[in-house]
Amino acid sequence: MGTYKPSVAQQLGELSEKFQEIGQPLEHQLEGLVHAKPINYWDYIQTDALLNLQVQRTILPDEMVFIMYHQINELLFKMILWELQQIADVEVLKTAFFTSKLGRISRYFDMLTASFTIMGEGMDMEQYLKFRRTLSPASGFQSAQYRQIEFASTELINLIDNRFRKDFSEKFAREQRWEDVFYDEAFEHLYWQAAGKDFSTGKKTYTLQEFEQKYKGSLLRYIKTFKNVNLYSKFRTLPQEAQQDPQLQAAMRHYDHTVNIKWVMAHYGAARHYLSQGKKPLEATGGSEWTKYMHPKYQKRVFFPSLWSAEELENWGKEV
Ligand code: HEM
């Protein structure tokens, strides 16, 4: 029996305490380790599972590009949400931590924006126009993670349809206690309802109905959870001096601009490329009036309005 370094003896002591807390003898755990199989890269990264998730509906090879790029987007959305959750969970927010987390989130979105040409230029037009027929009525519009990113980034008022924002702003200010029906009313007036709802009749497209059937309940819970811990609310909890920090302000503005103008325009550019070939724009798979709906100057989605001048807000999305 050899002797152990003092650090190993200390680790054994710590392990013993850890397992005692859950009523497990340390010997059993150590014996388990004796027989454990060393881990491989593919076990840890779950490559087999991951690489089995790409299933085409057609025989057209470029459909694979479309599926995989969407999956990559969803993975990056998950990374973004992971960071947003950590910011939300911090009780006492420090400026440097906030700035560095915003940097991480922005890097992911920069990556998504810069790579969007994979959609715009990376697929054969004829193939795209064929395989998209098999997708209808599905649409990226039904990405729940994308909606979560929005709810975790800003206050609900900034996601209300621009046409109703003033009314809701007054309602939000009046309301002391937000009841469920109040959240529901706000949900029905989110900017993206315009892609699938006729506001004069209340009728919704199948794409929107299905999305709500699956996600409305969980999204409403998510909205409530992030009501006071979204990025914008968190920013406002910082002392005035910290809110004026130039690096933090630059990070906030960069994120807002990247998500709500650069990404939106890259996406709109891809849609225009494939769907505006002839004189009349093709109908979108999700059925929206996309030529108007998708442009940032109509949506006027701004996560952090107080960080922009009145002129910048007025010209939101117009410069592109
Ligand atoms: C050739 C590629 C693409 C085209 C032509 C396209 C087209 C469209 C269109 C027309 C809409 C409006 C809703 C509808 O009527 O369907 C939409 C919404 C949306 N798409 Fe895409 N899309 C493409 C790629 C992507 C990718 C790669 C993602 C990443 C997940 C994505 C995510 C979204 C999201 C989140 C929305 C809702 C955006 C909003 O409400 O402003 N799309 N897309």
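**Helix pairing and overall architecture**

H5 and H6 are roughly antiparallel to each other, because angles over 145 degrees count as roughly antiparallel. Their axes cross at roughly 170° and come within 10 Å; axes are lines fitted to C-alpha atoms, for helices over the stretch in contact, and angles run from 0 to 180 degrees between N-to-C directions. The model is predicted: local features need pLDDT of at least 70, side-chain atom pairs count only at pLDDT 80 or more, and totals for chains, interfaces and linings use all residues. Residues are numbered from 1 along each chain as its sequence is written.

**Chain as a whole**

- The protein chain has 18 helices and zero strands; helices (H or I, at least four residues) and strands (E, at least two) are DSSP runs numbered from the N terminus.
- Along the principal axes, the C-alpha atoms of the protein chain fill a box of roughly 85 × 55 × 40 Å.
- Of the 320 residues, 22% count as buried, a residue being buried if 20 or more other C-beta atoms lie within 10 Å of its own, exposed if 12 or fewer, and partly exposed in between, with C-beta atoms placed from the backbone.

**Contact of H5 with H6**

- Residues of H5 including Asn73, Leu76, Glu83 and Leu84 meet residues of H6, among them Phe98, Lys101, Arg104 and Tyr108; two residues are in contact if their C-beta atoms, placed from the backbone, lie within 7 Å.
- By class, this contact of H5 with H6 has 11 nonpolar, two polar and three charged residues; Ala, Val, Leu, Ile, Met, Phe, Trp, Tyr, Cys and Pro count as nonpolar, Asp, Glu, Lys and Arg as charged, and the others, Gly among them, as polar.
- Glutamine 86 lies in helix H5 and is exposed, with 12 other C-beta atoms within 10 Å.

**Nonpolar core**

- The largest nonpolar core has 42 residues, and Leu84 and Leu231 have the most contacts inside it; such a core is a set of buried Ala, Val, Leu, Ile, Met, Phe, Trp, Tyr and Cys residues joined through C-beta atoms within 7 Å.
- Helices that each supply at least two residues of this core include H5 (63-89), H6 (95-114) and H15 (246-275), and H15 gives the largest share, seven residues.
- Not counting residues up to four places away in sequence, leucine 231 touches Leu84, Ile87, Ala152, Ser153, Thr154 and Phe303.

**Ligand surroundings**

- The ligand is surrounded by 23 residues, the closest being Ser139, Gly140, Ala284, Gly286 and Ser288; a residue is near a molecule if its C-beta atom, placed from the backbone, lies within 6 Å of it.
- The shell around the ligand has 13 nonpolar, 10 polar and no charged residues, and its largest share, five residues, comes from H15.
- Alanine 284 is found in the loop between H15 and helix H16 (290-293) and is buried, with 22 other C-beta atoms within 10 Å.
- Leaving aside neighbours within four places in sequence, alanine 284 is in contact with Ser139, Leu275 and Trp290.

**Backbone features**

- Most residues other than glycine have a negative phi, and most peptide bonds are trans.
- A cis peptide bond, with omega of about 5°, joins serine 136 and proline 137; proline 137 is in the loop between H8 and H9.
- Glutamine 46 has a positive phi, near 60°, and counts as exposed with 10 C-beta neighbours inside 10 Å.
- Lysine 300 has a positive phi of about 45° and counts as partly exposed with 19 C-beta neighbours inside 10 Å.

Key. Parallel < 35°, antiparallel > 145°, perpendicular 65-115°, else oblique.
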